[in-house]
Structures are given as structure tokens and as C-alpha cells.
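Here are some exercises to work through with the structure open beside you. Try each task on your own before you read its solution.

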Amino acid sequence: MAVSRVRSWLLVALVGGLAMLPGAHAAEGYRQYLLGDRALPTPDPVRPGLLLMGGGDRNHDALRWFMGQAGHGHIVVLRASQGGEIGEEFYREVGGIASVETFVFSDRAAASDRKLLASLRKADGIFIGGGDQSRYVRYWRGTPVAQALDAHVRAGKPLGGTSAGLAMLGQYLYGAMDGGSLTTPQALEDPLGPGNTIETDFLHLQALQGVVTDTHFSERNRLGRLIAFVAKAEQQAGHALIGLGVDEDAALAVEGDGRARVYATAPGAGATVVRGGLDTPQREDQAMQLAQVETLGVGTASVLQLPQGTVQAPAFQRRYRVKDGVLMVLEQPTLVIHGGAGVERVSMTPADEAEARAAMEQALRAGHALLQQGRPATDAVAAAIVVLEDSPQFNAGKGAVFTHDGRNELDAAIMDGATSKAGAIAGVHRVRNPIQLARAVMAHSEHVMMVGDGAEAFAREQGIALVAPSYFRTEKRWKQLQQALKEEANHQAHADLETAKHFGTVGALALDGQGRLAAGTSTGGMTNKRYGRVGDTPLIGAGTYADPRCAVSGTGWGEYYIRAVAAHEICARVKYAGQALSRAAEAVINRQIPAAGGDGGAIALGADGSFAFPFNTEGMYRGWIGTDGVPHVAIYKDDPLPARE
């Protein structure tokens, strides 16, 4: 190939760490970088195509497809920030092209520069980098650059974009004109508001007519905001549109006839099509209300046809509704459980592991069966936790640890995310299944929390099963107490006690078929605890919390979860900061809690069907079950646990 004989030369500005070489050039309004030889002929035929990259690390296989569409010839990169880094990557890492010329704009006047426009006319392929998309709107709309991009595509040449560069390609686009970056909660809270800056009349690409695009899709939890984009754009357009969100670990390669396939750099990465024609008009200054919206997943085995938005072999088909600005997946009942963090291999026998896995699978099936019957999320949570409380493998119910005085003190809580109702109990000694008593407090009393003898009196009134205290005694837990007492007598620091790590709980979260969430947690507390100590489990917001969009159950050193209000903090990050559930949970459990001196884990479940299992100990009993009814469980950090597709 002629490209192998390319001689390279470079015109650069002193930007982005690139060295200033003789003959460097910077024009007014833009900086220019060049690698390769523009005088070389284009080796192969040039073919039409669009490359829609989701904004993460650029997939080199997808880029090689793009370079092939460009005939392995001459690429022009357009940016409005940073320097020539993309050109460096294209030329030196991807390779197989004659030249890469990068233009970095600093104002609108540069969009009329004759030399720059001449390069665009000669380009075999044009690629728009990421950055601030509002600059692209301000610098290029209605200018010769926008006209040149349209002409480039009409001439049958490929055009690509990543992140903001992809966002610019749809007929309707989010311009971020207020200088911010709209999150899903903000967008759904006021879909017609001034922050949702939908722009149009920028580019006119046939394959993306009637399409609204979005990027960094799954990592940044952007499904809700894309739905809001479509809703506002449809009200502007007066007809149905579609939304197209591309994951940060994916790229869509669109052929000239509109057929698109996914290149993915991570398992499960792809794109999501939001079917428009939304039948509920939105109102100014009001949260979104939407009875139903359908989405289709585009995976590596799928074929997307643009601009129609049809998908052959979709990776998934899901229906959502939006109620009071909260996005909820429908008909996707999901149950997530934990059996406590702090699990260590050295303390586990093969029999222990087998029994724990069997109990978790039984708990998942018990809760899932109720979800399949259409029962509410709170029913499923309670049913799953009862199974775990009845197993001696977990620090709750039958397997509860002992206090300093040789007793078992049990705590539990449950919360209904749809109604914010909650029930909690603490310091009980005779209640066989504390989660059932917590649920009775929620359903049949005017209170949220009851403790000790009063809670047990209420249990008798409600017909909750009581047992003799000896029911809770297991030899394993008794030996743990004796070891703790011995270590205490030897004046070992509490933080060094091996048994101090055995502070597990059990918990369950459920998402029912109507998109409602619930959370529940049950525990025996800490080995050798004194003075009626109560941890985070029964404290709403600390160890147990649910609201319409998020549910959390914690397991760890309770004092630190209480101080951090950990469960609520995770959901607050989702609601107010717009963080994806997994990022919010990771930040609290694996950064905030350890920074304060604590450790542990949690499970988190979103109304959109996402879930997370962050923990910072050697192991955490955990599992989930979805619509197919197959339970998935794990114990140690390196155990495989499939994610929802």
C-alpha cells in the first residue's frame, strides 16, 4: 500500500504537549496540526458512512472501518478545544492513512477561513472530536463549515464524531447552551425547561433525519435525559422522532444505506433506541409524566436501520414509564440480595460455602415467585429476608451473633420506596423473623421504630412468631463470642479483633413489575457488642433506604454508615447529582466509608433496573434474579456474577 511509504511532517502549535517543530503554523481563530503527506494519492475508493462513537476510549476496530471508508486517505479532525491528540492517535496508533490534519477552533470567524475550508473540501473523511458541544453550535451553525460538512456527506464521504462530536450529528441535538451538562433527574424534573436546550438546523444528514443523539450513555445514566430530549424535540417538531444513545464503550458504524452495527470494547456495550411518538404532551415547569415509552437495545449481534430506528435481533426490549419525573422500568421484576460483607475464605469450609449459596438461591426464588405473581416489592423483600434469617450461615435471625452478655439482639428495617413508609425494630430477643415484625410496624402502626420489650409486645399483638432465646444459639457464633472475650481480656485493640470483622447483615431490594422499589435489612449486630448498641440496619437512611428511584441495603461497620447516612447518601447522589447508581454506590461504599475508617458493602437497585454490589472486604454474600427466574449468586470478590444485559 502507498501509505507504507508515507513520509510524515508536522505543523503544530505549542499545545497538548506536542513539540514545536520548524515551520509550525497557527492561523487566526484556529490552530492547525498535520501528520503525514497531503500530496499523496488516496489509495482506495472512498465510501459513504457515519461513525457514531459513544465518548469513551476510541475503539480502534471501529476507527479502522472509518479509515477504510475514507479510502485510507486523508482525514480532517475538527475540534473546539484541546489540541492534536486525536490526530496523533489516528496516525500513529490506528494507522493506515495518508495524513491527518486537525483544526482546533477558538472562534466563529475561523469557520470562514479559506485554507481551512479547502482542507474540508479535499478531505476523504472528517471526524469531529469531543468537548463542549455548545461551542460547535456557536462556531459552526449557519457557517461555511456546516455547509462543508453537509456537502462532504452528500459527496459520499464518511463523517464521524465522538462524545460532543456525535451529539452534533442528529437533526435535533442537545446543545448544552447554558454551559452545563443536563443530568437525567434534572431533565425529567422539567423536560421543557430552559436547561434542556434542544437545537436544530445544524447538519442535515439523511441517515439521522428525525434522530436525537446522546453519548456516554450507560456510564452517565442518560436514558432519562434522552427521553426528555425526544419529548421536547417532538413538541418543537410537531411529529414523532427517535432517540439514539451510544454507550461510552461502543461505536455505531453506519453504512451508506443506513444499516448500522455496533463495535464494542466492553461486554454488553452498545446503543439504545428510544421510540418516539410520545403520547403524553409535557407541560412547562412540570415534572415529566409519561405512561409508556419503549426502548430497543442494539448489541454486537444486532442491525440498526437508520433513520427508521428499527432493530433486527435487538439485545433487549424494555418499556418504561415516567411518574413525577422518575424513570421506572416496567415488567422487569428484579430482586437483589446480600448476606453480609466481611466474608473471609480462611473462615469458610466447602460445606459453609455450599450452604450459603443454596440459601441465597432459595431466598432469590422465594422473592421472585411473588414478583412473578404481581405482588408488590415489599412482599418480595420480606420473603427473601425470611429465608436468610432462617439460615444459620448469616448474621441475622437463626445465625445471629452474641452480645457481650451472651444474648442475641436482633434489628431489622423495611422501607417502601413508592410511599416512603418504613418500619424498624431493634434489640429484640424472641422474634424468629425480625423482618416480619418490621413490616408489621410499617403496615399496622403509626410509628416507624420500636425497640426491645415494647417491640416484642407489639409482635404478640400482631401474631408474629416468637421463639425461646435458645432458638438463636449456634455453636459457631458462640465460639466467636468466646474468642472475642479472650482477645478483649488480653487488651487487644478493637480494630484488630478478628471477630470484629464479622458484622454481616442480610438484606434484599426488589423492583416489582410496576416499577416500585423496596428495601429491607436484618441483622444480629456485632459480636461482643454492649450496652444495647444499635447499628445502622434499623436506622432509615443509614443502613436501609428506598425512594421512588433508588433502594439500598448496607452491610458493614454500622457506626460509619450511620455517620455517613450511607444508604440515603447513595440515593441522594443519584437524585441530585444525576450520578449513575453504580458510580454513586462505589463513591460512598468504597471511598467515603473507608476514608472515615470503616469498611463493608451494600447492594443498590434503581427504578430503571440497574443494580450494584460495591464492597471493600474479601467477600460479600450477594446475588440477583431477573425476569428469567435464574438466580445468580457469588461470595468472594473474584467470583463471577453476571450483569443484567
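**Exercise 1.** Find where A313 lies, and work out what stands out about its phi.

*Solution.* Step one: A313 sits in the loop between β17 and β18. Step two: its phi is near 50°, a positive value in a residue other than glycine. Most residues other than glycine have a negative phi. Keep in mind as you go on that this is a predicted model.

**Exercise 2.** Locate A176 and decide whether A176 is buried or exposed.

*Solution.* Start with the place: A176 is in the loop between β8 (172-174) and α7 (184-189). Next, its backbone: phi of A176 is near 50°, which is positive although the residue is not glycine. Last, its cover: the relative accessibility of A176 is 7%, and the cut-off for buried is under 20%. A176 therefore counts as buried.

**Exercise 3.** Stay in the part of the chain around β17 and describe F316.

*Solution.* F316 belongs to the loop between β17 (310-312) and β18 (317-323). Now look for its partners: setting aside neighbours within four places in sequence, F316 is in contact with T272, T295, L296 and G297. Finally, take L327, eleven residues from F316 along the chain: the two C-alpha atoms are separated by 17 Å.

**Exercise 4.** Which peptide bond, from L306 to P307, cis or trans, do you find here?

*Solution.* First, find P307 in the loop between β16 (303-305) and β17. Then read the angle: omega is near 5° for the bond from L306 to P307, and this bond is cis.

**Exercise 5.** Describe how α4 is covered, and name what covers its buried residues.

*Solution.* Begin with the count: six of the eight residues of α4 are buried, so the helix is mostly covered. The buried ones are Q133, S134, Y136, V137, Y139 and W140. Their cover includes β4, β5, β6, α5, α6 (164-167) and β8. To finish, look at what follows α4: G142 has a positive phi, near 75°.

**Exercise 6.** Which residues is G71 in contact with, leaving aside its neighbours within four places in sequence?

*Solution.* Next, list its contacts, which are T42, P43, D44, P45 and V46. Take V46 from that list: V46 and G71 are 25 residues apart along the chain, yet their C-alpha atoms are separated by 4.6 Å. As for cover, G71 has a relative accessible area of 0% and is buried.

**Exercise 7.** Where does UniProt place the feature "active site", and what surrounds that residue?

*Solution.* The unreviewed UniProt entry places this feature at T505. In the model, T505 lies in strand β24 (residues 505-511). Its relative accessibility is 3%, so T505 counts as buried. Beyond residues up to four places away in sequence, T505 touches H338, G339, G340, N395, T521, S522, T523, T537, G554 and T555.

**Exercise 8.** Now step back and describe the whole chain: how many helices and strands are there?

*Solution.* The chain has 16 helices and 31 strands. Its radius of gyration is 29 Å, close to the 26 Å that the globule rule gives for 645 residues, so the chain is as compact as a globular protein of that length. Along its principal axes, the C-alpha trace spans about 90 × 55 × 40 Å. Of the 645 residues, 60% are buried. Turn next to contacts between residues at least 6 apart in sequence: 70% of them join residues at least 24 apart. The accessible surface comes to about 24,300 Å², and 49% of it belongs to carbon and sulfur atoms. Finally, there are 61 positive and 68 negative side chains, and the centres of these two sets lie 3 Å apart.

Technical notes
Residues are numbered from 1 along each chain as its sequence is written. This is a predicted model: local features need pLDDT of at least 70, side-chain atom pairs count only at pLDDT 80 or more; totals for chains, interfaces and linings use all residues. Side-chain values use heavy atoms; hydrogens and water are left out. UniProt positions are given in the numbering used here, feature names are shortened, and annotations may be inferred rather than shown by experiment. Helices (H or I, at least four residues) and strands (E, at least two) are DSSP runs, numbered from the N terminus. Buried means under 20% relative accessible area, exposed over 50%, partly exposed in between (1.4 Å probe, protein chains only). Contact means heavy atoms within 4.5 Å. The radius of gyration is taken over C-alpha atoms; the globule rule is 2.2 Å times the number of residues to the power 0.38. Accessible areas come from the Shrake-Rupley method with a 1.4 Å probe; for residues, only the protein chains shown count as cover. Lys and Arg count as positive and Asp and Glu as negative; His and the chain ends are not counted. The place of a charge is taken as NZ of Lys, CZ of Arg, CG of Asp or CD of Glu.
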